[in-house]
Amino acid sequence: MADSAAADRRHRLKSIIGGSTGNLVEWYDWYVYSAFTLYFAPVFFPAGDRTAQLLNAAAVFAVGFLMRPIGAWIMGIYSDRKGRKAGLTLSVSLMCAGSLLIALTPGYDQIGWIAPALLVLARLMQGLSVGGEYGASATYLSEMAGKRRRGFFSSFQYVTLISGQLLALLVLLVLQAILPEPDLESWGWRIPFVIGGGLAVVVFYLRRGLAETESFKNAQGSDAPKSSGLTLFRHYPRQALMVIALTAGGTLAFYAYSTYMQKFLVNTSGFSRESATAITAAALFVYMLIQPAAGALSDRIGRRPLMIAFGVLGVAFTWLIFTTLSKTSDPYVAFAIVLGALIIVTGYTSINAVVKAELFPAHIRALGVALPYALANTIFGGTAEYVALWFKSQGMESGFYWYVTGMIGVSLITYLRMRDTQKHSEITED
């Protein structure tokens, strides 16, 4: 009996590590775009002031998010019908193709408008990929984890997501150290996209060897209706709307405190690009380490208290965080402020995957997690940088601070009204 339990734990751990590693590469490929925007924006867009070029690049970043609901819909259904493993394998294939296309596309000076058009195409492919990746990986990790430690193990989705972002920043720091700035601006920025494409090929083969979850196998043997968008919104409208509402403030806060923060430190606080990268990377590293601790805490006290804590603290301190950060020139103070903001958003990021997975039965779980999340992520997360830069270009940057505060407040209302999914979970397997 003991040997069987130990074998089961090893099986679960191997599957979780395998799924998490692939997730890391997926998110590395996604975040490399954001990390290197300051360098490649002048290559793909006509000459202009820095904010205008960043606005164009941020708009393309947002365009990638427009495909995420479509990717979530297509691959959510695919994962529910063909298996979580099949969905994960398909998503990494699209991500690989998108990264290599960005790496190989000539600049605006060489091929004119075709350059930004190909950049948009690549981000559309990556948007399809990430749209499916989130639902498949959140579902896979939540189903593979045992009931008693589901919060802990599912938190590794954001550990690997942040690791991918950190890896992108690490590659940036290394290239900043070894390449002169003119070389980095002209051709060096292509290197991380080549790395991402190569790693995605490795992950493709890794994911083909993953074990399938018991939840999916059990659902295949039931007479439940097939996964579809119509089934989702006809039979589970409350859960779908709940995912949208609880995601809105969390995803906006995450992108405001992480991907946009690097630009904010340069464009508003006045730090150099190298200092901004180092501050962001250091804060994200500590943030990554506390995700499992928060996930484990949710296994003891429930998911709802953590989300409420994020909502209350986010509403109370977001305006103060950005206002204070805009006036500081000390990198250590900036690091402390950015880290504080990320600690606040941990109440959402560490458990959001498992909360969504616990809302839906297995036959429609991947789609139920992916599609409503992708809709909210597109509307609020994907536009975060663009909205922030637009407010700045209009001379009313503080409007963005209030926008983030307001959306966190909307999500807080949802947290206060919903049941704790740890105690009322649709994942029935132990």
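**Close-up views of a predicted model**

Figure 1. With a relative accessibility of 23%, Val63 counts as partly exposed, because the partly exposed class lies between the limits of under 20% for buried and over 50% for exposed. The model shown here and in the following figures is predicted. Val63 belongs to helix 3, which spans residues 50-66. Beyond its neighbours within four places in sequence, Val63 is in contact with Val120 and Leu124. Gln239 stands 176 residues from Val63 along the chain, and the C-alpha atoms of the two residues are separated by 27 Å.

**Figure 2. Ser163, a buried residue of helix 9.** Ser163 is located in helix 9, which comprises residues 156-178. Its relative accessibility is 15%, so Ser163 counts as buried; the limit for this class is under 20%. The side chain of Ser163 reaches the backbone oxygen of Val159 at a distance of 2.6 Å. When residues up to four places away in sequence are not counted, Ser163 touches Leu24 and Met288.

**Figure 3. Gln157, a further residue of helix 9.** Gln157 is also found in helix 9. Gln157 counts as buried because its relative accessibility is 1%. A polar atom of the Gln157 side chain lies 3.3 Å from the backbone oxygen of Tyr134.

**Figure 4. Helix 15 and its packing against helix 17.** Helix 15 covers residues 259-267, and helix 17 covers residues 304-327. Two packed helices are described by the angle between their axes and the distance between the axes. Here, the axes of helix 15 and helix 17 come within 9 Å and cross at roughly 35°, and the crossing is right-handed. From helix 15, the residues Met261, Phe264 and Leu265 meet Phe322, Leu325 and Ser326 of helix 17. Sorted by class, this contact has five nonpolar residues, one polar residue and no charged residues. Helix 15 itself is mostly covered, with nine of its nine residues buried. Among these buried residues are Thr259, Tyr260, Gln262, Lys263 and Asn267.

**Figure 5. Helix 15 and its packing against helix 16.** Helix 16 extends over residues 273-301, and its axis is 9 Å from that of helix 15, with the two helices packed at an angle of about 140°. Helix 15 passes helix 16 in a right-handed crossing. Gln262, Leu265 and Val266 form the helix 15 side of the contact, while Arg273, Ala276, Thr277, Ile279 and Thr280 form the helix 16 side. The residues of this contact divide into four nonpolar, three polar and one charged.

**Figure 6. Trp189 and the nonpolar cores.** In soluble globular proteins, nonpolar side chains tend to be buried together. The largest nonpolar core of this model has 112 residues, of which Phe36, Trp189, Tyr257, Phe400 and Tyr415 touch the most other members. Leaving aside neighbours within four places in sequence, Trp189 is in contact with Phe36, Tyr39, Phe40, Val43, Phe44, Ile102 and Leu184. A second, separate core has 10 residues, including Ala136, Leu141, Met144 and Phe153.

Notes: Residues numbered from 1 in each chain as written. Predicted model: local features only at pLDDT ≥ 70, side-chain atom pairs only at ≥ 80, totals over all residues. Heavy atoms only, no water. Helix = DSSP H or I, 4+ residues; strand = E, 2+ residues; numbered from the N terminus. Buried < 20%, exposed > 50% of the residue type's maximum accessible area, 1.4 Å probe, protein only. Polar contact = N/O pair within 3.5 Å; in protein donor to acceptor, adjacent residues only side chain to side chain. Contact = heavy atoms within 4.5 Å. Axes fitted to C-alpha atoms, helices over the stretch in contact; angles between N-to-C directions. Left-handed = near helix turned anticlockwise from the far one by under 90°. Nonpolar A, V, L, I, M, F, W, Y, C, P; charged D, E, K, R; others polar. Core = buried A, V, L, I, M, F, W, Y, C linked by side-chain atoms within 4.5 Å.
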